[in-house]
Structures are given as structure tokens and as C-alpha cells.
Amino acid sequence: MNNPLEHTWQSVMDQLKTWARINSPWAIHFNSGSCNGCDIEILATLTPRYDMERFGVKLQGSPRHADILICTGPVTRQARERLIRIYEQMPEPKFVVAVGSCALTGGAFQGCYNVMGGIDQVIPVDAYIPGCPPRPEAIIDGLVKLLGSLKADGAPERASEPPLAASVLEPSS
Ligand code: SF4
């Protein structure tokens, strides 16, 4: 891209896209093995009482239209492949938020025969919201901090990207 006008135009378009993304992030919610406690808090967060839409966050049904993947629960063997598939279907740049102790580490389900651990054992995570379950205020705080980091950096840097082999590990006998 040698033309300076073209470079300026591209830069303006990139800034516009980042501005639009930060001010209207669409989110998809995935339960990879939660007891539903965290899911109820996420639903409460989206109600008019807590009004997540004031930050432009809108719940979206399709991963192809979503910017943020909100995950609850530990990752079970059955959910692993689906979680990876949903993550891969989301367009770049995409962000993952782990909600609740189980999504962070496996929590109450840690060590169960069919539990693989927290979300970051399977896909890269950008924001962690602890609690069992975290209250709507904590979920809002986590999402606002994620949006704040996007404003500061354009996009958060990830330390490393774990491999995303979509195969399901066979349970050990
Ligand atoms: S963190 Fe607590 S409420 Fe959330 S899925 Fe785990 S056990 Fe349930």
C-alpha cells in the first residue's frame, strides 16, 4: 500500500471499525457444563434491571455475528468440541469472557471424570470473572473492563494461543 491517501483511508476505516465494535459488542452465551447458577446471573444482567444494553452489549444467537463469547461452567468432554466449533465460527477479532469459578478453573466440578477444566484449557480467554456465581454487577464490571482494554489497545494481546484441535479426547478407561 504505497499510496498515502489509501493508507490514510485504511487507517480511518480501521479506527471506525474499532469504535463501532467497542460501542456495540454483540455477545453469545455458551454453557459448557455449568450448574445454571452463572447462567441465571447472566440473564439477570441482560434484563432492564441491570441493563447491559446501555454499554451496547446485545445478546446474539449466532456465533457468526458475535464479538464476545461469554462462557459459563467447566468444560465437559461432551461440550469441548462444540465450544471449539463456536469459537472458530466467530469472526476476528473475537473475545472470550469466562464467568464463574467453574469457567475459571473447573471450580466445584474440578477432578470429575468428564471435566477437562476451565475454559482456557480449550480456547484462549481474554477476561476472567470470578464468583460462584458472580453477581450481575461483577459481570458488568468484567465486561466494561474488557471494553476499556479494547479502547486502550485496540485489541488485547494474548500470551499464547493454545492449539484448537477440534478432536474430542477419549475418556481414560
Ligand atoms: S461457579 Fe458456581 S454457580 Fe457458576 S456454574 Fe460453577 S457451581 Fe454453578
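User: In this predicted model, which residues does Val99 touch, not counting residues up to four places away in sequence?
Analyst: The model is predicted, and contact here requires C-beta atoms within 7 Å. With residues up to four places away in sequence left out, the residues that Val99 touches are Cys38, Ile42, Ile70, Cys71, Thr72, Ile129, Pro134 and Ile139.

User: Which residue stands opposite Val99 in strand 7?
Analyst: Strand 5 and strand 7 pair in the parallel sense over three bridges. Within this pairing, the residue in strand 7 opposite Val99 is Ile129.

User: Which element gives the most to the largest nonpolar core?
Analyst: The largest nonpolar core has 36 residues, and Val96, Val97, Ala98 and Val99 are among those with the most contacts inside it. Elements that give two or more residues to this core include strand 1 (26–31), strand 3 (68–72), strand 5 (95–99) and helix 5 (136–153). The element that gives the most, with five residues, is strand 5.

User: In what order do the five strands of the open sheet lie?
Analyst: Five bridges join strand 1 to strand 3, which run parallel, and five bridges also join strand 3 to strand 5, again parallel. The edge strands, each pairing on one side only, are strand 2 (58–59) and strand 7 (127–129). The order of the open sheet is 2-1-3-5-7.

User: Why is strand 3 described as largely enclosed by the rest of the structure?
Analyst: Both faces of strand 3 are covered, with Ile68, Ile70 and Thr72 buried on one side and Leu69 and Cys71 buried on the other. In a regular strand the side chains alternate between the two faces of the sheet. Strand 3 is largely enclosed because the number of its five residues that are buried is five.

User: Which residue of strand 5 stands opposite Ile68?
Analyst: Ile68 belongs to strand 3, where Ala27 stands opposite this residue. Strand 3 is also joined to strand 5 by five bridges. The residue opposite Ile68 in strand 5 is Phe95.

User: How many residues of helix 1 are buried?
Analyst: Helix 1 (residues 4–23) has 20 residues and reaches 29 Å from its first C-alpha to its last, close to the 28 Å expected. Helix 1 lies largely in the open, because the number of its residues that are buried is zero.

Terms used: Residues numbered from 1 in each chain as written. Predicted model: local features only at pLDDT ≥ 70, side-chain atom pairs only at ≥ 80, totals over all residues. Core = buried A, V, L, I, M, F, W, Y, C linked by C-beta atoms within 7 Å. Buried ≥ 20, exposed ≤ 12 C-beta atoms within 10 Å, placed from the backbone. Helix = DSSP H or I, 4+ residues; strand = E, 2+ residues; numbered from the N terminus. Contact = placed C-beta atoms within 7 Å. Pairing = 2+ DSSP bridges. Expected span 1.5 Å × (residues − 1).
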